[in-house]
Amino acid sequence: MKTRTTLLQKLKEVFRSYKSQPIGKVIQIINPILRGWTNYFRIGNSGRSFKYIKQWVEKKARRNLMQARKAKGFGWKRWSSKWIYETLGLYSDYRIRYYVPKALPAQYAIKLW
């Protein structure tokens with residue numbers, strides 16, 4: 001929870017400092033941060049945090065797009081989520097991967113002699 005809060009603060013700062021920049025530039029800055037954070041917390045029970053972060057970042061990107069057009073709202077009818085992730089290139093690999101050892105520990109190995 002603490003790391004999620006620090007991640008959100010970091011992302012918030014990026015969105016604030018690049019408010020007048022094109023969304024493509026903002027996404028280029030945000031993607032490595034998101035990729036690193038999710039890869040670090042990918043192994044374990046962090047699905048709920050991933051869902052929250054994904055929704056938060058998408059909402060911020062939508063807000064940025066709408067503010068560039070001097071319009072209100074988030075543009076839910078204007079842009080689909082698929083378009084935001086595929087066309088703009090926003091990071092979307094928030095899957096949890098469970099650790100599977102390549103070999104069994106020595107105590108579980110079957111002796112074949």
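E58 and R62 both lie in helix α3, 4 residues apart, which is about one turn of the helix. Helices here are DSSP runs of H or I with at least four residues, strands are runs of E with at least two, and both are numbered from the N terminus. E58 and R62 form a salt bridge, with their closest N and O atoms 3.2 Å apart. By salt bridge I mean a side-chain nitrogen of Lys or Arg within 4 Å of a carboxyl oxygen of Asp or Glu. As a general point, side chains of opposite charge can pair when their charged atoms come close. Both E58 and R62 are buried. Buried stands for under 20% relative accessible area, exposed for over 50%, and partly exposed for values in between, with a 1.4 Å probe and protein chains only. The structure holds 1 salt bridge.

Before going further, a word on the model. It is a predicted model, in which local features need pLDDT of at least 70 and side-chain atom pairs count only at pLDDT 80 or more, while totals for chains, interfaces and linings use all residues. Residues are numbered from 1 along each chain as its sequence is written, and side-chain values use heavy atoms, leaving out hydrogens and water.

Now to the chain as a whole. Its secondary structure comes to 4 helices and 0 strands, and along the sequence the pattern reads α-α-α-α. Of the 113 residues in the chain, 31% are buried. Among contacts with a separation of 6 or more, 57% are between residues 24 or more positions apart. Contact here means heavy atoms within 4.5 Å.

I turn next to how the helices pack. Two packed helices are described by the angle between their axes and the distance between the axes. The axes are lines fitted to C-alpha atoms, for helices over the stretch in contact, and angles run from 0 to 180 degrees between N-to-C directions. Angles under 35 degrees count as roughly parallel, over 145 as roughly antiparallel, 65 to 115 as roughly perpendicular, and the rest as oblique.

Let us take α1 with α2. Helix α1 covers residues 2-17, and helix α2 covers residues 23-41. Their axes are 10 Å apart at an angle of about 170°, and the two helices are therefore roughly antiparallel to each other. On the α1 side, T3, R4, L7, K10, L11, V14 and F15 take part, meeting V26, I29, I30, I33, L34, W37 and F41 of α2. By class, this contact has 11 nonpolar, 1 polar and 2 charged residues. The classes are as follows: Ala, Val, Leu, Ile, Met, Phe, Trp, Tyr, Cys and Pro are nonpolar, Asp, Glu, Lys and Arg are charged, and the others, Gly among them, are polar.

The second pair is α1 with α3, the latter spanning residues 47-68. Here the axes come within 12 Å and cross at roughly 10°, so α1 and α3 are roughly parallel to each other. From α1, the residues R4, L7, L8, L11, K12 and F15 meet S49, Y52, I53, W56, V57, K60, A61 and N64 of α3. This contact has 9 nonpolar, 2 polar and 3 charged residues.

I23, V26, L34, W37, T38 and F41 of α2 make the contact with S49, F50, I53, V57, A61, N64 and L65 of α3. The residues of this contact divide into 10 nonpolar, 3 polar and no charged.

R4 is buried yet has no salt bridge, and the nearest side chain of opposite charge, E58, is 15 Å away. For such charges, Lys and Arg count as positive and Asp and Glu as negative, with His and the chain ends not counted.

K70 lies in the loop between α3 and α4. Most residues other than glycine have a negative phi. K70, although not a glycine, has a positive phi of about 55°, and at 77% relative accessibility K70 counts as exposed.

T87 and G89 both belong to the segment after α4. T87 is exposed, with a relative accessible area of 52%, whereas G89 is partly exposed at 32%. The C-alpha atoms of T87 and G24 are separated by 9.9 Å, although these residues are 63 apart along the chain. For G89 and G24, 65 residues apart, the C-alpha separation is 8.1 Å. Leaving aside neighbours within four places in sequence, G89 is in contact with I27, N31 and I84.
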